[in-house]
Amino acid sequence: SPQVSFTLELEFSCSVLLDHVEVTLQATSDSTEATPQDNVVKLSVPIRYEPNLFLSSNTNLHHYEVHPLGTFSHSSGPEFTTTVKVQNLGCYPIQNITLHMALPALGHHQATILSVTHVLAENATCVLQPPDEGTQVVPVLPEDLLHLDR
C-alpha cells in the first residue's frame, strides 16, 4: 500500500501559552473502502517551550593578590561585590530555575581566601551551604593563579 510522509511545522503565539496541541488527520479517497473508519487519526502532543536565558555577572574587584606561601593573614582582605543576573530574553515565562555557584574559598594548605559576608537577592531565594561531606573541595594552588594578568 502507498505511504505518504509529511512534516507539520507549527508556530505558537507568545500571548497564548498552550500545554499541548491536538492534530486531526483524515485521508479521503474516491475509491470505495471496506474500512473507512481507520482513515482518521487524532494526535495530542505536549508542548515544551524553549527558554532563552541570559546569565551575566560583574564585580568591583578584578584583581586579588594572594600573599606568598606561609604569609596568609587571619584578617579580612579587601571586600568586593559580585552581582549575578539571570534574565529571560524570551517571551515565555520560566519557572523553577536553580543556579548553583561554587566559590573558590580555599587556597594553599586549605587556607581560607574567601568568605561570604552577606547576600542581597531580588526575585530569588539564596541559600548558603558548605560543601557536602562527600564533596571534594579543590584548593586554588599558587601555580593556578600565575596566568592572571596583573
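Predicted model: local features only at pLDDT ≥ 70, side-chain atom pairs only at ≥ 80, totals over all residues.
**A ring cluster, a disulfide and a nonpolar patch**

Ring pairs link Phe12, Tyr49 and Tyr92 into a cluster. Rings of Phe, Tyr and Trp (its six-membered ring) count as a pair if their centres lie within 6.5 Å, and the planes make the pair stacked when under 30 degrees apart, edge-to-face when over 60, and tilted for the rest. Residues are numbered from 1 along each chain as its sequence is written, and side-chain values use heavy atoms, with hydrogens and water left out.

Back to the rings. A search of the whole structure turns up two aromatic pairs.

With Tyr49 in the loop between β2 and β3 and Tyr92 in the segment after β4, the pair ties together parts that are 43 residues apart in sequence. At 17% relative accessibility, Tyr92 counts as buried. Leaving out residues up to four places away in sequence, Tyr92 touches Phe12, Ser13, Cys14, Leu17, Tyr49 and Glu50; contact here means heavy atoms within 4.5 Å. Tyr92 and Pro51 are 41 residues apart in sequence, yet 7.2 Å apart in space, C-alpha to C-alpha.

In general terms, a disulfide is a covalent bond between the sulfur atoms of two cysteines. The rule used for spotting one is a pair of cysteine sulfur atoms within 2.5 Å, and by this rule the count comes to one disulfide. That disulfide joins Cys14 to Cys91, with 1.9 Å from S to S. The two cysteines come from distant parts of the chain, 77 residues apart: Cys14 from the segment before β1 (20–26), Cys91 from the segment after β4 (82–88). The torsion about the S-S bond is about -55°, so the disulfide is left-handed. Both ends are partly exposed, Cys14 at 40% relative accessibility and Cys91 at 39%.

Elsewhere, Asn39 is found in the loop between β1 and β2. At 16% relative accessibility, Asn39 counts as buried. Setting aside neighbours within four places in sequence, Asn39 is in contact with Leu25, Gln26, Ala27 and Glu33.

Asn96, in the segment after β4, has a phi near 55°, a positive value in a residue other than glycine. Asn123 lies in the segment after β4 as well, and phi of Asn123 is also near 55°. Asn96 counts as exposed at 77% relative accessibility, and Asn123 is exposed with a relative accessible area of 85%.

Finally, the surface. A nonpolar patch of about 970 Å² is made by Leu53, Leu55, Val84, Val86, Ile97, Leu99, Met101, Leu103, Val116, Val119 and Leu128. Patches are made of residues with over 30% relative accessible area and no salt bridge, joining nonpolar side chains (Val, Leu, Ile, Met, Phe, Trp, Tyr) within 5 Å and like charges within 9 Å. A salt bridge, in turn, is a side-chain nitrogen of Lys or Arg within 4 Å of a carboxyl oxygen of Asp or Glu. Accessible areas come from the Shrake-Rupley method with a 1.4 Å probe, and for residues only the protein chains shown count as cover. β3 and β4 each supply at least two residues of the nonpolar patch, while Leu103 is found in the segment after β4.

Notes. Helix = DSSP H or I, 4+ residues; strand = E, 2+ residues; numbered from the N terminus. Buried < 20%, exposed > 50% of the residue type's maximum accessible area, 1.4 Å probe, protein only.
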